[in-house]
Amino acid sequence: MIRFLLSRFIQGIIVIFAVITITFLILLASPGGPFRSERTLSPEVLARKMEYYGFDKPIPVQLWRHLVHYATFQFPESQVFAGRTVDEIIISGFPISAAIALPALLLALCIGVPMGAQAALRPNTLEDRASQLAATIGICTPSMVLGPVLAILFGLKLRWFNSSGWFDSSDWVLPSITLGLIYSAYIARLTRGSLRETLAQEFIRTARAKGADDTTIIFRHALKLACLPVLNFLGPAAAGLLTGSFIVETVFQLPGLGQFFIASAINNDQELLIAISAFYAVLIVSFNLLVDILQAWLNPRIRLQA
Amino acid sequence: MSHHAEQSISPMHAAWKRLMRQRVHAVALAFLVLLVLACAVGPMLSPYTQDQQDLELKAAGPSAAHWLGTDSLGRDMGTRILQGGRVSLEVAFLATAVAAVIGVGFGMISGLAGGRVDAAMMRFVDIVYCFPFINFVILLMVIFGRQFWLIFVAIGAVEWLTMARVVRGQVLALKNLEFVVAARANGASFWHLLFKHLLPNLVGTIIIYAGLTIPGIMLLEASLSFLGLGIQPPDASWGVLLGDGSRVMDISPWLLLYPGIFFSATLLALNILGDGLRDAFDPKSMSQQ
């Protein structure tokens with residue numbers, strides 16, 4: 001277990017440094033240089049700025065400087081938001097993204113797992129078909145349609161929530177529901193499929209033969225094994241929630257991390273772009289590691305291998 | 001005679017028959033074929049072009065002249081939806097093809113090579129799996145001016161990983177079967193084994209995963225275009241139309257509704273067909289359905 005964690009940790013560090021390098025290389029290929037949008041700069045000012053941010057150095061030196069910054073937690077200054085370091089900016093934007101993503105994930109699990117479990121227990125009944133239909137509709141509804149519909153309905157028409165912006169303490173609700181409903185559809189389908197497969201196995205038949213009721217069978221025996229594919233899905237889903245957050249933050253005009261990323265891509269803010277990419281990589285790596293540990297804990301048959 | 005024909009039915013034909021056994025699969029396939037035809041031919045038959053403006057009819061509802069209404073610049077929505085569908089479908093299929101070529105190539109080489117090469121290649125896939133790809137795609141789009149070819153190359157380069165893993169698993173299972181061992185004993189080269197013996201046996205797997213990948217890619221393209229980073233106006237894709245529509249949906253809701261219906265119905269048909277293909281080519285997975 002320790003060896004496995006260690007090897008995953010090292011792999012994670014490789015991922016983060018690779019992401020920094022790739023982002024740097026993509027930016028390097030961008031035409032026009034780092035201050036291309038500020039056309040009015042005089043040559044002297046431009047040279048001073050280039051020197052200040054280190055863009056006058058040879059490419060390998062620049063890359064090395066980035067890597068050293070992150071290895072030593074000496075985070076650089078943003079080029080566009082002058083005077084603010086990139087970690088300050090991330091810390092200001094990330095809580096908004098997290099305040100949407102976490103309730104969305106919880107909502108997805110709270111709707112998806114019971115819905116899928118109900119359907120799996122009563123296969124091919126009306127209930128099963130209805131929940132499968134609902135899940136299919138959820139999967140086929142993109143967030144850029146559901147988001148505006150919810151904003152109009154609960155924001156402009158019913159006035160329960162603001163239709164956009166980040167002002168009130170309830171502004172996370174509509175974006176979270178948008179993301180949560182869509183992910184609950186995927187989770188319901190996965191839960192149904194894997195629970196049906198688990199319920200067909202022999203240890204469940206044995207438990208039934210011993211007289212265990214539905215609740216005992218589901219909670220004590222089946223769900224533990226059946227939620228493994230769901231857990232497996234949650235790793236990529238973390239990345240998906242990030243993607244979804246780009247859309248949802250645009251629809252609801254939230255000043256989250258996704259918006260900072262798009263803005264800094266358009267402004268060519270290299271330091272901030274590298275920092276946000278690296279931060280997303282850290283999130284994905286941590287989430288995948290968490291999923292691996294949970295899986296090993298739930299299923300003793302999985303031996304963690306380095 | 002008919003008895004013979006039944007015995008020598010090819011795997012492809014058998015899968016086709018299994019697919020068509022359920023009416024919903026046939027309906028989904030028919031819908032997609034009609035949609036592709038409509039998107040290919042429709043814009044030519046339409047009396048309007050996608051960027052032709054009728055400024056008297058800004059954001060007008062459906063009428064006899066414009067069946068699906070006009071958008072806020074007075075352009076015919078029906079024509080734009082079909083034209084946009086053409087772009088969305090093109091991106092989806094081309095990007096899937098890119099993903100399939102990279103994924104199948106990588107997975108086959110990794111599986112057949114085995115040993116250290118395989119371990120290194122799969123470790124590479126593990127690492128790449130953790131990349132925040134959406135960031136890379138957004139960066140590429142912003143920097144390189146949102147060119148059409150770049151969209152499907154970028155998306156395809158993101159979506160090949162699952163294909164590589166699945167194909168490698170299949171190759172590992174296949175490569176110790178007798179016909180491969182026999183070919184190897186006869187001195188078949190690495191590439192000969194790969195293309196002549198393994199690839200034909202992977203067709204089913206490739207079709208299954210291509211089918212499951214297409215709807216995801218359509219969503220990704222729509223997301224990029226929605227953010228203004230994919231297909232650029234005045235050209236349309238469904239993502240562009242959804243983006244335009246969502247901005248004016250409180251005043252002219254049909255501008256979101258109609259492209260939304262087309263997009264969701266297409267995703268639905270693709271999902272149904274994808275599941276159907278999986279069952280048809282891999283009857284074991286029926287139990288999961």
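1. Basis of the model. The model is predicted: local features need pLDDT of at least 70, side-chain atom pairs count only at pLDDT 80 or more, and totals for chains, interfaces and linings use all residues. Residues are numbered from 1 along each chain as its sequence is written, while chains are lettered from A and ligands numbered from 1 in the order in which they are written.

2. Chain A. This chain holds 11 helices and 0 strands; helices (H or I, at least four residues) and strands (E, at least two) are DSSP runs, numbered from the N terminus. Its C-alpha trace spans about 85 × 55 × 30 Å along the principal axes. Of its 306 residues, 37% count as buried, where buried denotes 20 or more other C-beta atoms within 10 Å of a residue's own, exposed 12 or fewer, and partly exposed anything in between, with C-beta atoms placed from the backbone. Among contacts in chain A with a separation of 6 or more, 74% are between residues 24 or more positions apart; a contact requires C-beta atoms, placed from the backbone, within 7 Å.

3. Chain B. Here there are 12 helices and 0 strands. Buried residues account for 44% of the 289 residues in chain B. Of the contacts in chain B between residues at least 6 apart in sequence, 68% join residues at least 24 apart.

4. Contact between the chains. Chain A contributes 42 residues and chain B 32 residues. On the side of chain A that touches chain B, the elements giving two or more residues include α1 (2-28), α7 (173-199) and α9 (214-251) of chain A. That side divides into 30 nonpolar, 10 polar and 2 charged residues; Ala, Val, Leu, Ile, Met, Phe, Trp, Tyr, Cys and Pro count as nonpolar, Asp, Glu, Lys and Arg as charged, and the others, Gly among them, as polar.

5. A helix pair in chain B. The axes of α5 (residues 115-129) and α8 (residues 160-174) of chain B come within 10 Å and cross at roughly 150°. α5(B) is therefore roughly antiparallel to α8(B) (angles over 145 degrees). B:M122, B:V125, B:V128 and B:Y129 of α5(B) meet B:L161, B:A164, B:R165 and B:R168 of α8(B). The residues of this contact comprise 6 nonpolar, no polar and 2 charged.

6. Residue B:G78. This glycine lies in helix α4 (residues 77-113) of chain B. B:G78 is partly exposed because 19 other C-beta atoms lie within 10 Å. B:G78 and B:T96 are 18 residues apart in sequence and 27 Å apart in space, C-alpha to C-alpha.

Conventions: Contact = placed C-beta atoms within 7 Å. Axes fitted to C-alpha atoms, helices over the stretch in contact; angles between N-to-C directions. Parallel < 35°, antiparallel > 145°, perpendicular 65-115°, else oblique.
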